[in-house]
Amino acid sequence: NETVSKNFIEQEIDKDLAEGVYDHVCTRFPPEPNGYLHIGHAKSILLNYGLAQEYDGEFHMRFDDTNPTKEKMEFVDSIKEDIKWLGADWKQHLYFASDYFDQMYDCAVKLIKKGKAYVCDLTAEEIRQYRGTLTEAGKESPYRNRSVEENLQLFEEMRDGKYEDGTKVLRAKIDMASPNINMRDPVIYRVAHMTHHNTGDKWCIYPMYDFAHPIEDAIEGITHSICTLEFEDHRPLYDWVVRECEFTMPPRQIEFAKLYLTNVVTGKRYIKKLVEDKIVDGWDDPRLVSIAALRRRGFTPESIKMFIEMCGISKAQSSVDYAMLEYCIREDLKLKKSRMMAVLDPIKLVIDNYPEGQIEYLDVPNNLENEELGTRKVPFCRELYIERDDFMEEPPKKYFRLFPDNEVRLMSAYFVKCVGYEKDEDGNVTVVHCTYDPETKSGSGFTGRKVKGTIHWVAAPTAQKAEVRLYENLVDEEKGVYNKEDGSLNLNPNSLTILKECYVEPSFQDAKAYDSFQFVRTGYFCIDAKDSTTENLVFNRIVSLKSSFKL
Ligand code: ATP
Ligand code: MG
Ligand code: MG
């Protein structure tokens, strides 16, 4: 959108281009393949991809797979699928940081030769203590002044598997008195006798993130390395690594605030527990906010883009309401989707004066706000299903739907007047009897009288039975996400309602996984990709029609 003023990252890029720091733009999205992507990652993906597009530059997809302990191929595949779905196209630029292990090793050797790195035998705990705190200066390691020759030999031996995990590390030799603890001789390589999913058993030493990441960026010619705020304090180290390793075109790190959603669970360990305890149906349960879950719930890439744009890019940490995401999906689907009739909690309606056995096909517009979606034929007959709460024996004031002697419009069909009802032994209404007036057919131009209520319906003989799943927030918004005592989640016991006896029009024969629709008066729904079949349709409620969110 040209009229919207540029965000601070765009302003920085403009400046870099104007000053000739760079003559092009190259960005990247660098996930660690250790879990599924969530809505927060979408922000980073769309930001990086969007900048590359805006500046006619390049976008790289890079798996930051330098830590073999947590990474899996399963996640590589799911991450690729999610990014493609969001519409970010990395073209031929798919990279794995582990493919750079040789170059990283060479960089480490270069640092040793320059006297800028040393092998240290302190334990992890000792290193932590020696590094000091914000208020207390660091203390130099007794191994800090080993000779270049000794360091070269020890580092080679580390690589060759001579040392156990945790017994030796390589550290950058920077400044133990720096006010920035990241600069107090950070560890850049550690020993880990582990099989890596890409490089197998070739390596038993692995580079640390703060060393590997700038090298990855520099190797690929990234110009703007965009990351989240927690890395702000790491930027001096990022710059140090790029400079000391003598890369000719240094990339520039820019930080922005993470996206947080209010009252939503994003922490990996919480979700893992919910999956293990079978409280949710996998990582793509429609109540979660992983990209896979949002897709299964019926969110579209367009709605997520709109949401991310509305959130904006800034350096100020804040939390966004889930209702804003709901607003975006409603906006996206409003004019694009057909408005179908579905009865979620059915009772029968019998039109006593309509000929038995007759079916007429009514022309129903698919979307009154968008004629381009055309019309469809909807069967109408003597026996219909309507919503249980569209009938009341004794209505309160301002109830304009069906009650004895009241007349309403059956949407896209006729006026009907309630002439009686039947109840079962428990007193539940089972059948509502009406008469219809053929003169009042929708589209006939009838103006003889008016009714105040319009209700939806589905013809009983041709209706298809369906399962509908209604979702509410997984956590209790009143109590807050986390239990104050033990840190566990305050779960909402009503986060999932399964309705097994719903009836939909016979217009869903060709509906495929993820297809979505409006059910008139009820909300937006999509075909569940895991459980729906042609015979047994399963719909997920994406969002209800009403919103508490105001722009
Ligand atoms: P998580 O622990 O939630 O998976 P992460 O930081 O470990 O997050 P990575 O795979 O390391 O995830 O991150 C990939 C990229 O996504 C990083 O550049 C990171 O800054 C960005 N990112 C992660 N979470 C968010 C968020 N909530 N908002 C914006 N960007 C994010
Ligand atoms: Mg991650
Ligand atoms: Mg991470």
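**Chat about helices and exposed residues in a predicted model**

Colleague: Which residues of helix α11 are buried?

Modeller: In this predicted model, helix α11 covers residues 301-311, and its buried residues are Ser 303, Ile 304, Phe 307 and Ile 308.

Colleague: Where do those buried residues fall, seen down the axis of α11?

Modeller: They fall within an arc of 135°, so they line one face of the helix. An α-helix has 3.6 residues a turn, so residues three or four places apart point the same way.

Colleague: What do the buried residues of α11 pack against?

Modeller: Against four helices: α2 (39-54), α3 (73-86), α10 (291-297) and α12 (322-334).

Colleague: Take α12, then. How do α11 and α12 cross, and within what distance do their axes come?

Modeller: The axes of α11 and α12 come within 8 Å, and the crossing angle is roughly 135°. The two helices are therefore oblique to each other. The crossing of α11 and α12 is right-handed.

Colleague: Which residues make the contact?

Modeller: From α11, the contact uses Glu 302, Ser 303, Met 306, Phe 307 and Met 310. From α12, the residues are Met 324, Leu 325, Cys 328, Ile 329, Glu 331 and Asp 332. Ser 303 and Phe 307 are also on the list of buried residues of α11.

Colleague: And what follows α11?

Modeller: Gly 312 follows α11, and its phi is positive, near 75°.

Colleague: Before we go on, what confidence does the predictor give?

Modeller: The mean pLDDT of the protein is 95, with 98% of its residues at 70 or more. For the complex, the predictor gives an ipTM of 0.95 and a pTM of 0.94.

Colleague: Another pair: how do α4 and α6 cross?

Modeller: Helix α4 spans residues 101-113 and helix α6 spans residues 148-159. Their axes come within 9 Å and cross at roughly 160°. An angle over 145 degrees counts as roughly antiparallel, and α4 and α6 are therefore roughly antiparallel to each other. As for handedness, α4 passes α6 in a right-handed crossing.

Colleague: Which residues are in that contact?

Modeller: On the α4 side, Tyr 105, Ala 108, Val 109, Ile 112 and Lys 113. On the α6 side, Val 148, Asn 151, Leu 152, Phe 155 and Arg 159.

Colleague: Changing topic to single residues. Where is Lys 423?

Modeller: Lys 423 is in strand β19, which runs over residues 415-423.

Colleague: Is Lys 423 buried or exposed, and why?

Modeller: Lys 423 counts as exposed, because it has 11 C-beta neighbours inside 10 Å and the cut-off for exposed is 12 or fewer.

Colleague: What is Lys 423 in contact with, leaving aside its neighbours within four places in sequence?

Modeller: Asn 428, Val 429 and Thr 430. Glu 535, 112 residues from Lys 423 in sequence, is 31 Å from it in space, C-alpha to C-alpha.

Colleague: What about Lys 272, where does it lie?

Modeller: Lys 272 lies in helix α9, residues 268-276. Lys 272 has 12 C-beta neighbours inside 10 Å, so it counts as exposed. Its C-alpha atom is separated by 23 Å from that of Val 320, 48 residues apart along the chain.

Colleague: Last one: where does Asp 23 lie?

Modeller: Asp 23 is in the loop between α1 (8-18) and β1 (26-29). With 9 other C-beta atoms within 10 Å, Asp 23 is exposed. Between the C-alpha atoms of Asp 23 and Asn 180 there are 32 Å, and the two are 157 residues apart along the chain.

Methods: Residues numbered from 1 in each chain as written. Chains lettered and ligands numbered in written order. Predicted model: local features only at pLDDT ≥ 70, side-chain atom pairs only at ≥ 80, totals over all residues. Buried ≥ 20, exposed ≤ 12 C-beta atoms within 10 Å, placed from the backbone. Arc of directions from axis to C-beta. Contact = placed C-beta atoms within 7 Å. pLDDT = per-residue confidence, 0-100. Axes fitted to C-alpha atoms, helices over the stretch in contact; angles between N-to-C directions. Parallel < 35°, antiparallel > 145°, perpendicular 65-115°, else oblique. Left-handed = near helix turned anticlockwise from the far one by under 90°.
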